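This report goes through selected features of a model with more than one topic in view: a loop residue, a hairpin, an interface and a helix pair.

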Amino acid sequence: MSAFIEKTLRGFSSASEYAASAELLASGGGLLQDVDPRVKVAGLFGLVIVVAAARELRVIGAIFAVALVLAFGSRIPVVKLAGWVWAPVLFFSGLIALPAIFLTPGSSVFAAGGLTITSQGLRSAAFLISRTETASTLSALLVLTTPWPRVLRALRTFRVPVVAVVILGMTYRYIFVILRTALEMFESRKSRTVGVLNPGDRRRLAAASVGVLLSKSLQLSGDVHLAMQSRGFRGEVYLFDDFHTRAADWCWLAGFAALGFTALWWQR
Amino acid sequence: MLARRFRSPWVYSALVAALSAVFQLDAVTYKYESLTAVDAVSLSIESGTRIALLGANGSGKSTLLRLLDALYFAESGSVSFRGQALTEQKFEDDRFAFDFRRRVGLVFQDPDAQLFNPTVFDEVAFAPLQMRWTKQEIFQRVNDAMDLMQIADLKDRPPHRLSGGEKKRVALASVLVLDPEVLLLDEPTAALDPRSQSQIIDLLIGWGGSGKTVITATHDLGVVEDTADYCYVLEKGRVTASGTPNEILRDGHLLARANLLHAHRHSHGVGEEHSHPHTHPHTHPE
């Protein structure tokens with residue numbers, strides 16, 4: 001039980017630390033931090049599509065190199081990128097890619113104990129991992145150089161429904177409130193738990209905590225709705241759009257487009 | 001009869017509104033299932049007054065504020081604002097609803113319920129956006145409200161990264177941005193450190209001094225004299241006493257009965273420890 005609580009507490013703490021670090025990076029100075037969020041959403045999403053459509057590893061590698069340069073210019077520490085993006089993506093895409101190394105038919109590169117690694121299998125795995133790593137790095141560049149509320153507002157430009165944008169914004173807002181409540185509940189229980197609980201008690205306590213948290217969340221959501229009504233909410237939500245596109249932003253957009261088209265032309 | 005003497009019904013309505021109390025409650029009752037939160041409350045609140053609703057936790061103060069803000073509607077009895085009964089049917093009319101919401105603002109006790117936007121600027125701009133004001137006007141009013149509450153430097157910060165005092169000031173700014181004529185406050189100083197408490201009180205004194213109606217629900221007797229001209233004491237959903245802050249604060253039996261005084265073991269610096277109901281007085285250092 002204590003190990004479970006410790007792990008849960010560590011998970012809550014690391015989630016809050018991650019959010020704090022990401023907000024600090026996004027609000028700091030740097031190459032991409034100064035670019036209009038709409039340009040970043042369009043440009044980086046365009047590059048993700050190019051990566052997904054790429055048929056040659058050198059093209060994906062070149063875009064990954066550009067992403068690294070942008071990360072360096074935006075003062076994103078490589079250690080953080082490795083910890084937050086590359087390692088988890090490598091783990092999960094590696095799990096999916098691993099069987100392909102052995103199961104894809106083709107010319108044998110290595111064989112042992114009845115398992116054969118084929119060159120085609122290696123190529124498939126390399127494509128899958130490099131695509132996911134590059135696409136994830138490009139996405140991370142967007143969220144690590146743009147405050148989340150501005151990412152959401154930028155989505156409105158691309159006709160994402162206002163309700164979806166508001167729900168995402170409120171989710172981001174309240175996930176920290178719920179996390180804090182959960183953390184306090186776990187700390188409170190930890191301070192009063194002595195010895196080892198049997199599995200049945202552990203399950204009962206976990207279920208009771210989830211129930212209490214859900215009840216508190218429902219109470220809070222009711223109060224939030226009243227607070228919205230009190231300030232004039234009548235079912236329609238309106239957002240304030242204060243974006244200003246400068247000449248430099250148009251240059252960035254042209255740069256992203258040029259890079260995408262060059263990558264597609266290179267693999268003709 | 002009187003209405004017939006006026007050729008225009010608009011003139012009559014305007015006259016009624018001007019002469020009426022801001023809020024008039026007649027035998028208002030509200031229940032949460034079987035629990036009666038507000039029980040046959042009748043009171044009248046005049047324009048420009050500062051009212052304190054005093055009561056212990058669970059006495060019905062917050063429910064009464066929500067009834068005044070037309071978030072809840074009376075199960076029996078009536079609540080009127082400027083001579084107009086507040087009913088669910090009335091709030092189906094957008095024009096009436098927007099007009100009322102612009103003129104009456106409620107600051108919730110829990111800032112986490114009040115602050116639901118991703119940034120402080122978005123929070124303060126929420127109400128003007130719902131009122132569909134022009135972009136320029138919204139920008140101007142939001143900046144004015146943030147300057148008034150001294151939170152301009154927080155405008156791009158997410159509310160979950162603010163301290164308790166900062167959250168409270170943002171919550172106040174999000175309501176004052178509409179420049180309401182009535183401000184309803186639910187425990188404005190709850191869970192704040194002494195410095196943040198005094199900042200909030202100073203801001204309220206400054207704002208209330210401009211002829212606005214301020215209704216504060218609190219159990220903090222230390223702020224009553226500074227924030228109210230008249231008090232109502234609530235016990236189990238009923239108004240059991242009313243009077244000036246001086247009259248109410250002098251009535252120890254009333255305060256003890258309403259659970260607004262407390263007793264814990266202490267000594268007066270000399271002699272043995274003992275306990276009796278008391279409040280904590282404050283001093284004005286040189």
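A residue counts as buried if 20 or more other C-beta atoms lie within 10 Å of its own, as exposed if 12 or fewer do, and as partly exposed in between, with C-beta atoms placed from the backbone. The model is predicted: local features need pLDDT of at least 70, side-chain atom pairs count only at pLDDT 80 or more, and totals for chains, interfaces and linings use all residues. Residues are numbered from 1 along each chain as its sequence is written, and chains are lettered from A and ligands numbered from 1 in the order in which they are written.

**Loop residue.** A:Asp36 lies in the loop between helix 1 (2–27) and helix 2 (37–53) of chain A; helices (H or I, at least four residues) and strands (E, at least two) are DSSP runs numbered from the N terminus. Because 22 other C-beta atoms fall within 10 Å, A:Asp36 is buried. Apart from neighbours within four places in sequence, A:Asp36 is in contact (C-beta atoms, placed from the backbone, within 7 Å) with A:Phe243, A:Thr245 and A:Asp249. A:Glu236 is 200 residues from A:Asp36 in sequence and 27 Å away in space, C-alpha to C-alpha.

Strand 1 (residues 108–112) of chain A runs antiparallel to strand 2 (residues 115–118) of chain A, joined by 4 bridges; strands pair if DSSP finds at least two bridges between them. A:Ser108 has A:Thr118 as its bridge partner. The hairpin has 2 residues between the strands, and A:Gly113 in the turn has a positive phi of about 60 degrees. Of the 5 residues of strand 1 of chain A, the count of buried ones is 0.

**Interface.** Chain A places 24 residues in contact with 30 residues of chain B. Helix 8 of chain A gives the largest share of the chain A side, 8 residues.

**Helix pair.** In chain B, the axes of helix 6 (residues 120–130) and helix 7 (residues 135–148) come within 9 Å and cross at roughly 130 degrees. Axes are lines fitted to C-alpha atoms, for helices over the stretch in contact, and angles run from 0 to 180 degrees between N-to-C directions. The two helices of chain B are therefore oblique to each other, given that angles under 35 degrees count as roughly parallel, over 145 as roughly antiparallel, 65 to 115 as roughly perpendicular and the rest as oblique.

The table lists the residues of this contact.

| Helix of chain B | Contact residues |
|---|---|
| Helix 6 | B:Phe121, B:Val124, B:Ala125, B:Pro128, B:Leu129 |
| Helix 7 | B:Ile138, B:Arg141, B:Val142, B:Ala145, B:Met146 |

Definitions and conventions: Two residues are in contact if their C-beta atoms, placed from the backbone, lie within 7 Å.
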